[in-house]
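Thanks for making time this morning.

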Amino acid sequence: MRKKPKKQLMVFSGRSHPGLAQEVAALIGTELVPTSAYNFANGEIYVRYEESVRGSDAFVIQSHSAPLNEAIMEHLIMIDALKRASAKRITVVMPFYGYARQDKKHRGREPISARLMADLFKTAGADRLIAVDLHTDQVQGFFDGPVDHLMAQPVLSDYVSEKYGHEDLAVVSPDAGRIKVAEQWSKRLGGVPLAFIHKTRDINQPNQAVANRVVGDVKGRVCVLVDDMIDTAGTITKAADAIMADGAKDVIIAATHAILSPPAVERLRDCAAREVIVTNTLPIDPENEFEGLTVLSIAPLISAAIKEVFEDGSVTSLFGGRA
C-alpha cells in the first residue's frame, strides 16, 4: 500500500520572545501551537503541547535572552517534548544563539561552550538549526546536522541606504576581525570606503576593550559602525567616540543583537552616535528604549527561511547565493 506523504508545518514558541514568534507565524500564514509552559516552585520547567504534533515539520522558536540559562533549558525541554510526541522533523530557530562568544579557547582549562550548546540541542532531538548572525562562522560546524546561518545585514543595510544613502558614507568595523563583514556592508552600500578600529582587549576582563586608533580615512564622512551584538556597549561606544575624534561628520551604530546589559543604555545614550539601529532578535524592555534607538524586525527574514526549509527550497537564495 502506497500513501502519498503529507507535510504539515507547525510553529512553536517558548516564553522568552513570544512577540517575535507570533510575527513569524503570521507572516508564514499560520498560528503558534497552543502550549502550556510554567515553572515549578523549585524552578523546574514544564512544557506540554495542547494538540497533536505527530508527523509534523516542527519549527521551535526561542531567543536566548535573559535569564539566558532558563531560556536555553526551556528550549531543550520543548525539543524533547516534540521528539517524544513523534514530530517528523525538528528545526530549532534561535534568533540569538546563547554562548556563541565562547567558540574557542583563549587560555588553558577553558570550555568551548558554543560547542557544548550544539551538542545539547542535538542530543535533545534537533535535526536542524536556524540562527541569525552567529558570533563567528565556525559555530556552524559545531552542530552535527544542517545549519542555516541567516544574516541581518540586508535588513540593516537597506534601512541605512534609504535613510543615509545621500551622505558621504564610510563603513567602520569595531575590530580587525570583522573586516570581512564590513566589506560586505561596503558592497551593499555602493562600494563606500572602509575603516576599522585597532583595539586591545584584556582576556582576564570580560566586556572590556580599549579603542586605540582608527585605521582608515573617516574625515567628513557619516560612518556606519557595524557589529553583531551590543552587550554592555563599552566597545562600540568607545569606537564611536574614537571615530568622531578622528574627524568623522557623524556615527551610526548598526548591530543585530541588542543584549543591552547594564550600563549599555546609558553608554549608548551618552555616546557620540546619532542613531543606534538594531533588530528584534532579542526582546527589548520598554525601560531600555531611548531616543535615537531604532528597532527593525527580523521576522520577515526568519519566516522566509522557514518557508524555504519546509518546501525543501534554498535558504541561500535569500542572500543572492552568498550565505
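**Salt bridges and the domain interface**

Let me begin with arginine 128 and aspartate 148, whose side chains meet in a salt bridge at 2.6 Å, N to O, where a salt bridge is a side-chain nitrogen of Lys or Arg within 4 Å of a carboxyl oxygen of Asp or Glu. This pair links distant parts of the chain, with arginine 128 in strand β6 (residues 128–132) and aspartate 148 in strand β7 (residues 147–150), 20 residues apart. Helices (H or I, at least four residues) and strands (E, at least two) are DSSP runs, numbered from the N terminus. Arginine 128 and aspartate 148 are both buried, and on this scale buried means under 20% relative accessible area, exposed over 50%, and partly exposed in between, with a 1.4 Å probe and protein chains only.

Before I go further, a word on the source: this is a predicted model, in which local features need pLDDT of at least 70 and side-chain atom pairs count only at pLDDT 80 or more, while totals for chains, interfaces and linings use all residues. Residues are numbered from 1 along each chain as its sequence is written, and side-chain values use heavy atoms, with hydrogens and water left out.

By the salt-bridge rule the count comes to 17. Among them is the pair of arginine 15 and glutamate 74, with the closest N and O atoms 2.5 Å apart. Here arginine 15 sits in the loop between β1 (9–13) and α1 (18–28), and glutamate 74 in helix α2 (residues 68–84), so that the pair links parts of the chain 59 residues apart. Arginine 15 is partly exposed, with a relative accessible area of 37%, whereas glutamate 74 is buried, at 3% relative accessibility.

Another salt bridge joins aspartate 250 to arginine 274, at 2.8 Å between the closest N and O atoms. Aspartate 250 belongs to strand β12 (residues 250–258), and arginine 274 to the loop between α7 (264–270) and β13 (275–279), 24 residues apart. Aspartate 250 counts as buried at 17% relative accessibility, and arginine 274 as partly exposed at 36%. These two residues also take part in a network of salt bridges that links Glu167, Lys249, Asp250 and Arg274.

Now to the domains. The assignment gives domain 1 (9–150 + 299–317) and domain 2 (153–282), with bounds that come from an automatic or database domain assignment. Their centres, taken over C-alpha atoms, are separated by 28 Å.

How much area is buried between domain 1 and domain 2? It is about 1300 Å², of which carbon and sulfur atoms give 54%, where buried area is the accessible area (1.4 Å probe) that two parts lose on being put together, summed over both. In domain 1, Phe96, Arg101 and Asp133 lose the most area to domain 2, together 40% of what that side buries. In terms of contact, meaning heavy atoms within 4.5 Å, 15 residues of domain 1 touch 15 residues of domain 2.

Between the two domains the count is one salt bridge. Elsewhere in my notes I have arginine 101 and aspartate 231, whose side chains meet in a salt bridge at 2.9 Å, N to O.

Finally, helix α5 (residues 179–188) has Ala182, Gln184, Trp185 and Ser186 as its buried residues, and just after α5 glycine 190 takes a positive phi of about 90 degrees.
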